[in-house]
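Hello,

Here is the structure we talked about handing over. My notes on it follow below.

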Amino acid sequence: MEYRVLGRTGLKVSVVGIGTLGFGREGLFARGKEGIQEMERVIDRALDLGVNIIDTACSYGNGMAEQGVGEVMKKRRSDVIILSRTHAWQKSENPEDIEIALEESLQRLQVDSIDIYQLHDVTSPEAYQKVVEGGFYEVLKKAKRQGKVKFIGFSTHGSFEVVKKMIETGDVDVLTLAYNILQQKRVASDGEDLKITSQRVFPLIKKFGIGLTVMKPLGGGALTLKGADGKGLSPLKLVRYVVQNPYVHTVTPGVGTLAHLEELVKAGDRAYALTPEEIRYFEEEAKRWGKDLCRQCGYCLPCPQNIPIPSIMRLLTKWQQKKDKELIKNYRNLEIKADACVECRKCEKRCPYNIRISQKMREAEQIFAGE
Ligand code: SF4
Ligand code: SF4
């Protein structure tokens, strides 16, 4: 495993960490104590393999992910750099809600101090304005002074301008950004060309000595879906592609099982470096994805009609890869389907990838109900 210094924090982090949202995709959050034990087993093994940073959030499984991490902290605190975050600012006007969220995270994680704590998904200029002017980020600064957290920052899907503002005015130690092969051709929610992530945002982060951790190297799992030919992009190579960007300090792919883990940690080993031909192949492959590839982040929810948008988007993505009749059956088994969409477009305002969700709902209904 290769290690890099996480900017001004001085922490030495494994280039591959683990993201705990992957446990939810494997159903562990719904399995109570048994799920927590399974998370503990996977995290223990990750540490044995040289991983030393774990990315979690209070919202993952309503605190279940943090509980899984907490079981490991009881016995191996010094082996781990914990990165956690809260989105409590989103539905609140009261900064005290951040203090409460932090206290709850400390309890679930069974620690006195969290190494890195962030405000989660601060993406639009308005969101940044709210967390700064509304006093939410100030709570993190205070917690840092008190020693409850060591370093602070944001996770964001924001544009160059938003990240620049955070760096210049926010007193930021660590930023978490989404980055994967698709960034080479996609646009962000404000229409910005995401190539800017690697060409402008990353150099700026380096210039200011900010730590950089990367989320979504697998595009929320969408990049690994198999095509009609049964072939898909290798998760290991996708993670390695991100690691090979020298601006990236660590990448935290979601892992759900021991098998995922064993495969993905190899990306931290130079022996798996991508050749220039492989990189060219990957960037070519990325072009086959359409503009509206859903990354399964769930930020579009809740839909006032209770439409399970990410599930329907996933069926559409799979359909684009292979027209499998099973997908029609899955769609028809949904309790609430895309025909319930009233085109209010509330979801579209929240989608960090500017996906035209209401149009996608119409498409889903035509494809799956009309077949
Ligand atoms: S546009 Fe449709 S899917 Fe989106 S929030 Fe409104 S009703 Fe839900
Ligand atoms: S539609 Fe957008 S916000 Fe919703 S899950 Fe997909 S990528 Fe995320």
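Helix α4 lies across β5 and β6 (114-119), and its direction is at about 145° to β5. Please keep in mind that this is a predicted model.

On the sheet: β5 belongs to an open sheet of 8 strands with parallel pairing, in the order β3-β4-β5-β6-β7-β8-β9-β10. Its edges are β3 (18-19) and β10 (250-251), each of which pairs on one side only. Strand β5 (residues 81-86) pairs with β4 (residues 53-55) in the parallel sense, over 3 bridges. In that region D55 is found opposite L83 of β5.

On the helices: α4 (residues 96-109) also packs against α3 (residues 64-76), with the axes 7 Å apart and an angle of about 50° between them. On the α3 side the contact is made by E66, Q67, V69, G70 and M73, and on the α4 side by S105, R108 and L109. By type, these residues are 3 nonpolar, 3 polar and 2 charged.

On the ligand: there are 15 residues around ligand 1, and those that come nearest are C303, C341, C344, C347 and S358. The largest share, 3 residues, comes from α15. The shell around ligand 1 divides into 10 nonpolar, 2 polar and 3 charged residues.

Regards

Terms used:
Residues numbered from 1 in each chain as written. Chains lettered and ligands numbered in written order. Predicted model: local features only at pLDDT ≥ 70, side-chain atom pairs only at ≥ 80, totals over all residues. Axes fitted to C-alpha atoms, helices over the stretch in contact; angles between N-to-C directions. Helix = DSSP H or I, 4+ residues; strand = E, 2+ residues; numbered from the N terminus. Contact = placed C-beta atoms within 7 Å. Nonpolar A, V, L, I, M, F, W, Y, C, P; charged D, E, K, R; others polar. Near = placed C-beta within 6 Å. Pairing = 2+ DSSP bridges.
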